[in-house]
Amino acid sequence: MRIENKLPEDFLWGGAVAAHQVEGAWNEDGKGPSVVDVLTAGAHGVDRKITEEVKDGFYYPNHVASDFYHHYKEDIRLFAEMGFKCFRTSIAWTRIFPKGDEQEPNEAGLQFYDDLFDELLKYGIQPVVTLSHFEMPFYLVKQYGGWKDRKLVDFFVRYSVTVMERYKDKVKYWMTFNEINNQKNYRYPLFGYSCSGVIFTEEENPEECMYQVVHHQLVASALAVKKGHEINPDFQIGCMIAFVPLYPFSCRPEDMMYSVEAMHDRYLFGDVQARGKYPSYIHKEWERKGFHIHMEKEDEKILREGVVDYVGFSYYMTNVVEAGKEEEGNGLDGFLGSVGNPFVPKSDWGWQIDPVGLRYALNLLYERYQKPLFIVENGFGAIDKVNGDGTIEDDYRIAYLKAHVEEMKKAVLLDGVDLIGYTPWGCIDCVSFTTGEMKKRYGFIYVDRDNEGNGTLERRRKKSFFWYKKVIESGGEIL
Ligand code: BG6
């Protein structure tokens, strides 16, 4: 019997970006400033600064980014050349509601996404849209204290309904909040700030505040799912979690048990979004810590009714945790209690490269939720060199992606995981989220721009561009 070596015909091969990391045009056509517009550039080991406003004398890399706003037609033509079946991006909330609390949307912003989605559909590329990918209106932070204020639920729902109504015949796949679970790492300011406009370390009880903030987002997410289904019952609306499986350091029972406990941090918000209620372990934790998370009477019902259709997730790496070392780990590229894994290499940014971990992740998530999965981010951030003749030989990226696609295929073809698609991150070079650098590149398409904002913004096909084109053409058979 012949063993199938291809992914199904309708598998969604594509690529992913987020509005603020590619679009630029940060103050054009009525767009308001978002939280990332006051984020400076950092580097590996150097934190991005969060400034009080857009200030002279600072460099804000997202203001221009890859200038996708003005180049999208050219870029989509290149995606089509690679054979993309889908393209994941986000809508910048601040193009639609510049301050966030207005009653009426900004028509120019809505028109931009109409044009963008039409351009994709012209080539048969399905838009996959995240409603909020680290780009909430800065005004909501200043005026309301971000997601600490429950009013944000209404603002977000108004925004979500506006765009879902407008694009109901153009977009089928949606996600609510990008990597909502990043905030679980409340010790590192960037995560809370980008997800919810709150710097938890400045709060009296950072951890309790984080749970309150996230509760508001979980309610908002569930309402968006529910209303989305009313707008168009064919919508597929997912959650989006950063999934970093945590291996036990050894087979010592204490390490094993600690890895189970530590995984609760990874699962928590996805558990609520995919199962419609808070899991028992978190009630126990809140009880132990004396936390009181304020919930309205109707919240339980809202969460129950707003269960997602699929689980979207990003996968870049695994981590290892060891019992007894709970307070170690630097919180950015590691987790509390995380220690090095001697069996896997690391990228220049310290991210552990573990393709088998992707198959493991797919199995864990599928067994836990029994819902379709969507790998909406995966990829290798690296420094690329342009040769004298203009070529870019990114064999390291090809090697990374090839190994991950191989494992992804095993999960589908051998383990029977129901997988919707695969959209590698930063399919066109964009600004790094954690460091604000341009030189941490993920793309199949090179963008001529450097860390200081120099460059022509010219686009070039990398070697991986031609590799990925073949992968898609062959349904994943030729790697
Ligand atoms: C995910 C985010 O955390 O990882 C993206 O959803 C981000 O926004 C990506 O860009 C890669 O991280 P970085 O820091 O290398 O850009």
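Analyst: A crossing counts as right-handed if the near helix is turned clockwise from the far one, and left-handed if it is turned anticlockwise by less than a right angle. Note that this is a predicted model.

User: OK. Which hand does the crossing of H4 and H6 have?
Analyst: Right-handed, where H4 passes H6.

User: And at what angle do the axes of H4 and H6 cross?
Analyst: At roughly 45°, with the axes coming within 11 Å. H4 covers residues 107-122 and H6 covers residues 151-166.

User: Switching to the strands. Which ones make up the barrel?
Analyst: The order is S1-S2-S3-S4-S5-S7-S10-S11, eight strands in a closed barrel with parallel pairing. From one strand to the next, the twist averages 30°.

User: How many bridges join S5 to S7?
Analyst: Five, between residues 236-242 of S5 and residues 310-314 of S7. As one example, Gly238 has Tyr310 in S7 as its bridge partner.

User: What's the lining like by class?
Analyst: Six nonpolar, five charged and three polar residues line the second largest pocket.

User: Which helix gives the most to that lining?
Analyst: H5, residues 138-144, which supplies three residues.

Key:
Residues are numbered from 1 along each chain as its sequence is written. This is a predicted model: local features need pLDDT of at least 70, side-chain atom pairs count only at pLDDT 80 or more; totals for chains, interfaces and linings use all residues. Side-chain values use heavy atoms; hydrogens and water are left out. Two strands pair if DSSP finds at least two bridges between them. Helices (H or I, at least four residues) and strands (E, at least two) are DSSP runs, numbered from the N terminus. Axes are lines fitted to C-alpha atoms, for helices over the stretch in contact, and angles run from 0 to 180 degrees between N-to-C directions. Ala, Val, Leu, Ile, Met, Phe, Trp, Tyr, Cys and Pro count as nonpolar, Asp, Glu, Lys and Arg as charged, and the others, Gly among them, as polar.
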